[in-house]
Amino acid sequence: MSWCIDGVKHLLSVAVNCCDSDIYKQPRGFENPEALARETVFSVSEIEALYELFKKISSAVIDDGLINKEEFQLALFKTNKKESLFADRVFDLFDTKHKEILDFEEFARALSVFHPNAPLDDKIDFSFQLYDLKQQGFIERQELKQMVVATLAESGMNLSDDVIEGIIDKTFEEADTKHDGKIDEEEWRSLVLQHPSLLKNMTLQYLKDITTAFPSFVFHSQVDDT
């Protein structure tokens, strides 16, 4: 899952490099940072720093205070190509309101999963959903292959079909303990608990330190962290 984390790291680096940029139109979803902090693992200061990042991304194509798919792809994958299964899947998981746009609340809640203090169960659930393309509550062999192929494509890697099939075979051999040709949430959880490295990239230390990118914002926070 390094593709996802590398993309998020790129988002954060964009924010660091743009602290001195022009003031942008205020995005929607930042009405109550204190409440959003209570409902995520972020502190109020971290929520405010994320807000600065969100403003930069949401004004990249259309300055409307919302992130559309093109802006999301430009920021996360450095491309605006129209067809990308991987990019579409990540965007869909962020787009919890299913409006094909992201407001700040969705953005902050999705990134909360990658915070070092986020519950392990949240990280496991997010990683499972990424591969459950049909949202059936289990991962089929073809779904896993589609995502592996998409991931390799985004990374610029070109493996033979035989090698990819080998990866899928090995994964199912270990994970599909019920031998029903699919990986359910329980089996996925067991797999990642046996191999913690599978969730290594579900944690971004950058998010815990994000306030250092916006020191003036921390010093002038509208509400105190509690």
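What we have is a predicted model, in which local features need pLDDT of at least 70 and side-chain atom pairs count only at pLDDT 80 or more, while totals for chains, interfaces and linings use all residues. Residues are numbered from 1 along each chain as its sequence is written, and side-chain values use heavy atoms, with hydrogens and water left out.

Let me begin with the whole protein. It has 12 helices and 4 strands. Helices (H or I, at least four residues) and strands (E, at least two) are DSSP runs, numbered from the N terminus. Of the 226 residues, 45% are buried. Buried means under 20% relative accessible area, exposed means over 50%, and partly exposed lies in between, with a 1.4 Å probe and protein chains only. The accessible surface comes to about 11800 Å², and 48% of that belongs to carbon and sulfur atoms. These areas come from the Shrake-Rupley method with a 1.4 Å probe; for residues, only the protein chains shown count as cover. A contact means heavy atoms within 4.5 Å. Among contacts between residues at least 6 apart in sequence, 64% join residues at least 24 apart.

The buried residues of α5 are Phe 86, Ala 87, Arg 89, Val 90, Phe 91, Leu 93 and Phe 94.

I turn now to charged pairs. How many salt bridges does a search of the whole structure find? The search finds 14. A salt bridge here is a side-chain nitrogen of Lys or Arg within 4 Å of a carboxyl oxygen of Asp or Glu.

Consider Arg 189 and Asp 121, whose side chains meet in a salt bridge at 2.5 Å, N to O. This pair links distant parts of the chain: Arg 189 is in helix α10 (residues 185–194) and Asp 121 in helix α7 (residues 120–131), 68 residues apart. Arg 189 is partly exposed at 33% relative accessible area, and Asp 121 is also partly exposed, at 45%.

In another salt bridge, Lys 97 meets Asp 103 at 2.6 Å, N to O. Lys 97 is partly exposed, at 36%, whereas Asp 103 is buried, at 14%.

Lys 178 and Glu 186 form a further salt bridge, with their closest N and O atoms 3.4 Å apart. Lys 178 is partly exposed, at 42%, and Glu 186 is exposed, at 54%. Elsewhere, salt bridges that share partners join Glu 39, Lys 97, Asp 103, Glu 105 and Arg 109 into one network.

Leaving aside residues up to four places away in sequence, Lys 123 touches Val 113, Phe 114, His 115, Ala 118, Leu 199, Met 202 and Thr 203.

Next, the aromatic rings. The structure holds 8 aromatic pairs. One of them is tilted: Tyr 131 and Trp 188, 5.7 Å centre to centre with 40° between the planes. This pair joins helix α7, which holds Tyr 131, to helix α10, which holds Trp 188, and the two residues are 57 apart. Both Tyr 131 and Trp 188 are buried. By definition, rings of Phe, Tyr and Trp (its six-membered ring) pair if their centres lie within 6.5 Å; planes under 30 degrees apart count as stacked, over 60 as edge-to-face and the rest as tilted.

Finally, two residues other than glycine have a positive phi. Glu 100 has a phi of about 65° and lies in the loop between α5 (85–94) and β2 (101–102). At 62% relative accessibility, Glu 100 is exposed. For His 179, phi is near 55°; this residue is in the loop between α9 and β4 (182–184) and is exposed, at 69%.

Thank you for your attention.
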